[in-house]
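Thanks for coming. Please have a look at it before I start.

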Amino acid sequence: MGRLQYSFAALLSVLTIASIIGTSLSQDYQGPVVDIQGLGSVLGTMGETAWTGRPIYQFFNIKYAEAPVGEQRFRAPLSVLPWSGVMNVTAPGRGCPQRRTISQDDPDAEDCLTLSVYSNDLTANRPVMLYVHGGAFVVGSAERFGPEYLLEKDIVLVVIQYRLGTLGFLSTGTEAIPGNAAMYDVLESLEWVSRHIRSFGGNPEDVTIFGESAGGHAVSAMLHSPRVREGLFKRAIIQSGTLFMPWVICQDPTEGAYEIARIIGCPMTTPAEIDSCLKSASVSDLVLAQDEHKKNEFSSPGYPKVAGACITVGGALGDESFMPVHPRESTYFRDVEIIFGMNSQEGLIFFNEYFQYALDSQPIEFDSHWDFLEFLKTVNIKFGSGVGMCKMNENRTVRTVR
């Protein structure tokens with residue numbers, strides 16, 4: 001009974017506030033409407049927190065960038081343009097294209113650069129938390145990460161989507177397909193928050209960026225990239241991942257990109273023609289080709305150098321690239337407050353990847369303990385702590401801890 005009383009009283013308070021400020025809950029719109037200065041209006045919906053039933057303003061999948069199609073495919077996104085009318089953001093939308101959800105019949109599949117905003121006080125000036133989802137840079141979406149627990153505290157939560165797989169990370173080493181498009185997506189979402197989060201009761205000068213697994217790698221990348229403007233975030237929380245994990249930085253992005261192009265059926269002639277073929281390929285062909293390439297890499301001996309799902313260092317853009325040099329060789333690092341952590345059993349995902357791709361999902365049977373130890377040895381060779389480490393220069397050595 002106490003929770004019901006609290007929820008009813010809080011909802012009355014929300015309705016009162018909404019009638020005072022520019023956020024309306026009118027008969028025309030059955031939900032909160034926020035006017036985002038310089039962009040347009042959005043219609044959201046109401047929810048509540050998990051423990052105390054605090055009311056939550058929920059705005060799902062607000063566009064923060066234009067659809068990265070045509071010449072913008074594989075490149076940094078363009079900021080979203082203003083819109084007329086009221087954008088309906090009352091329900092979770094599509095995630096970015098990935099193996100689990102691709103469809104031949106969705107012409108708008110690439111129009112996925114959106115973010116969801118959750119707040120329980122649209123007139124406040126509260127700290128902001130921006131979450132980058134995980135998924136090995138190939139799967140995941142914003143809808144899986146709701147506000148029901150974090151909004152028990154006085155914050156504004158933003159959960160973003162970014163391009164995945166080939167669409168977000170492919171690099172042929174050219175200016176047309178330089179790599180790291182997804183990292184520019186994350187950067188653009190931070191810029192959007194800086195410009196517009198006040199409309200949702202957030203303080204743009206008090207932003208914490210956080211992520212798990214691939215999301216943690218992306219947060220780590222924001223700390224090391226000179227392309228990230230100072231002041232976009234004040235703190236960072238990294239869960240289960242940094243740039244220094246071997247698979248995060250591409251071992252040979254161009255070679256992998258060309259294999260993906262061959263799988264699609266692109267004519268392997270000039271770099272310009274290969275780029276043109278990749279830019280005109282269907283979304284499903286790009287996603288499935290990366291999956292086939294991944295399977296080939298996992299089945300091969302040694303470390304799987306999977307392209308289209310890793311961060312490119314250097315490239316055709318030179319000093320203007322997102323990551324001009326490897327963080328090991330860079331003196332650049334953003335001075336912000338950081339929390340690092342590791343989620344329990346996080347590494348088991350690699351057993352699943354090896355099982356799915358290298359063994360074609362066939363059950364593994366071990367005749368002896370020695371066979372099992374040999375299996376573990378193989379997995380460690382492919383994914384262990386020493387993978388991808390190399391001598392930095394004549395005067396420095398790399399020491400791994402096992």
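A disulfide here is a pair of cysteine sulfur atoms within 2.5 Å. By that rule the structure holds three disulfides. Before I go through them, two notes on the source. This is a predicted model, in which local features need pLDDT of at least 70 and side-chain atom pairs count only at pLDDT 80 or more, while totals for chains, interfaces and linings use all residues. Residues are numbered from 1 along each chain as its sequence is written, and side-chain values use heavy atoms, with hydrogens and water left out.

I will also name helices and strands. These are DSSP runs, numbered from the N terminus: helices are H or I with at least four residues, strands are E with at least two. And I will say buried for under 20% relative accessible area, exposed for over 50%, and partly exposed for in between, with a 1.4 Å probe and protein chains only.

Now the disulfides. One of them joins Cys 96 to Cys 112, with 2.1 Å from S to S. The angle about the S-S bond of Cys 96 and Cys 112 is 95°, and the link is right-handed. Both cysteines lie in the loop between β5 (86–88) and β6 (114–119), so the pair ties together parts that are 16 residues apart in sequence. Cys 96 and Cys 112 are both buried.

Another joins Cys 250 to Cys 310, also listed at 2.1 Å from S to S. Its torsion about the S-S bond is about 105°, so this disulfide is right-handed. It links distant parts of the chain: Cys 250 sits in the loop between β10 and α5 (253–264), Cys 310 in the loop between α7 (283–299) and β11 (337–341), and they are 60 residues apart. Cys 250 is buried at a relative accessible area of 12%, and Cys 310 is buried at 2%.

Then there is the disulfide of Cys 266 and Cys 277, whose sulfur atoms are 2.0 Å apart. Which hand does this one have? The torsion about its S-S bond is about -80°, so the disulfide is left-handed. Cys 266 is in the loop between α5 and α6 (271–280), Cys 277 is in helix α6, and 11 residues separate them. Cys 266 counts as buried at 5% relative accessibility, and so does Cys 277 at 18%.

If you number the bonded cysteines in sequence order, the pairing reads 1-2, 3-6, 4-5.

Next, the aromatic rings. Rings of Phe, Tyr and Trp (for Trp, its six-membered ring) pair if their centres lie within 6.5 Å; planes under 30 degrees apart count as stacked, over 60 as edge-to-face, and the rest as tilted. How many such pairs does a search of the whole structure find? It finds nine aromatic pairs.

One of them is Trp 51 with Tyr 149, edge-to-face, at 5.3 Å centre to centre and 70° between the planes. Trp 51 lies in the loop between β3 (45–48) and β4 (55–63), and Tyr 149 in the loop between β7 (126–132) and β8 (156–160), so the pair ties together parts that are 98 residues apart in sequence. Is Trp 51 buried or exposed? Trp 51 is exposed, at a relative accessible area of 61%.

Phe 59 and Phe 200 also pair edge-to-face, with 5.2 Å between centres and 70° between planes. Phe 59 is in strand β4 and Phe 200 in the loop between α3 (181–196) and β9 (202–212), 141 residues apart. Phe 59 is buried at 0% relative accessible area, and Phe 200 is buried at 0%. Together with Trp 192, these two form one aromatic cluster.

In α3, 14 of the 16 residues are buried. In β9, 10 of the 11 residues are buried, so it is largely enclosed by the rest of the structure.

Last, the partners of β9. Two strands pair if DSSP finds at least two bridges between them. β7 and β9 pair in the parallel sense over six bridges, and Leu 130 stands opposite Ile 209 in β9. Five bridges join β9 to β10 (residues 235–239), and these two run parallel. There, Thr 208 stands opposite Arg 235 in β10.
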